Amino acid sequence: SWGFMRSKNNAGKINCVAVDSDGDVYVAGYFSKKTDVGAPVIGTSGTIVTGTATQGFEMYLAKYSGVTGAGVWARGIVGDSTSVTGFLAVDPDKNAILVGTFQGTYNFGSNRVMSSQNTIISNGFAAKYDTNGNIKWAQNFGVFETSLNANSGTSAVAVNQLLAGSRSPIVGGGFSKTSNLAGIIKDSNGLNDIFIATLSPT
């Protein structure tokens, strides 16, 4: 067995964990300002993910050995506003698919994804990384006319493993007021309503 605790005197939390077919562990979470994730951060020489936003939370994704717990790699997902990781899944090809909700503009690697650029408008995102932490794609796929909170945005993801060659991510979550999901506009009938959608695997 193994385990570790890390701290950098700022708020941080792991809220997503998934395991691939080799038994290696992927985790995602969010933090304020900076956090030590105990894994080599891609593009740096250390294990500290440093944010770029002046307020709010930013995100990270990391991979650890399932045998020893040693950090394999980590990637900061940082921007100019606030965000939260929602859920994480690993497909049979050991790609990690991360979903969540954000405001502003965020850098998922070589992909920059922009929301509606409004402090009260949140956007859902999905991002796919290969087993080495390289970004394969990232997309903004929904507009949620609400502030970022635990009851709105993208909070679940699974991968279609039965349809050969598909690997389509299936995402779900909640929204209040008005949602624009891939051009389908819906008004909430209450405090919070739900959505589910299939995204292109590529």
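Since the model is predicted, local features need pLDDT of at least 70 and side-chain atom pairs count only at pLDDT 80 or more, while totals for chains, interfaces and linings use all residues. Residues are numbered from 1 along each chain as its sequence is written, and side-chain values use heavy atoms, with hydrogens and water left out.

The sheet comes up to begin with. It is open and built from 6 strands in the order β1-β2-β5-β6-β9-β10, with antiparallel pairing. Strands here are DSSP runs (E, at least two residues), numbered from the N terminus, and two of them pair if DSSP finds at least two bridges between them. At the edges stand β1 (12–19) and β10 (112–114), each with a single partner strand, so one side of each has no neighbour in the sheet. From one strand to the next the twist averages 20 degrees; the axes behind it are lines fitted to C-alpha atoms, and angles run from 0 to 180 degrees between N-to-C directions.

Two of the pairings can be spelled out. β1 and β2 (residues 25–31) run antiparallel and are joined by 7 bridges, with Cys16 having Ala28 in β2 as its bridge partner. Their hairpin has 5 residues between the strands, and Gly23 takes a positive phi near 90 degrees there. Further along, 6 bridges join β5 (residues 58–64) to β6 (residues 71–79), again antiparallel, and Leu61 has Arg75 in β6 as its bridge partner.

Over in β10 sits Met114. Its C-alpha atom is 7.9 Å from that of Gln103, 11 residues apart along the chain. Setting aside neighbours within four places in sequence, Met114 is in contact (heavy atoms within 4.5 Å) with Phe102, Gly104, Thr105 and Asn140.

Then there are the rings. The structure holds 7 aromatic pairs, where rings of Phe, Tyr and Trp (its six-membered ring) pair if their centres lie within 6.5 Å; planes under 30 degrees apart count as stacked, over 60 as edge-to-face and the rest as tilted. Phe102 and Phe125 have ring centres 6.0 Å apart and planes at 70 degrees, so this pair is edge-to-face. It links distant parts of the chain, with Phe102 in β8 (residues 96–102) and Phe125 in β11 (residues 122–129), 23 residues apart. Ring pairs link Phe102, Tyr106, Phe108 and Phe125 into a cluster.

Terms used
Helix = DSSP H or I, 4+ residues; strand = E, 2+ residues; numbered from the N terminus.
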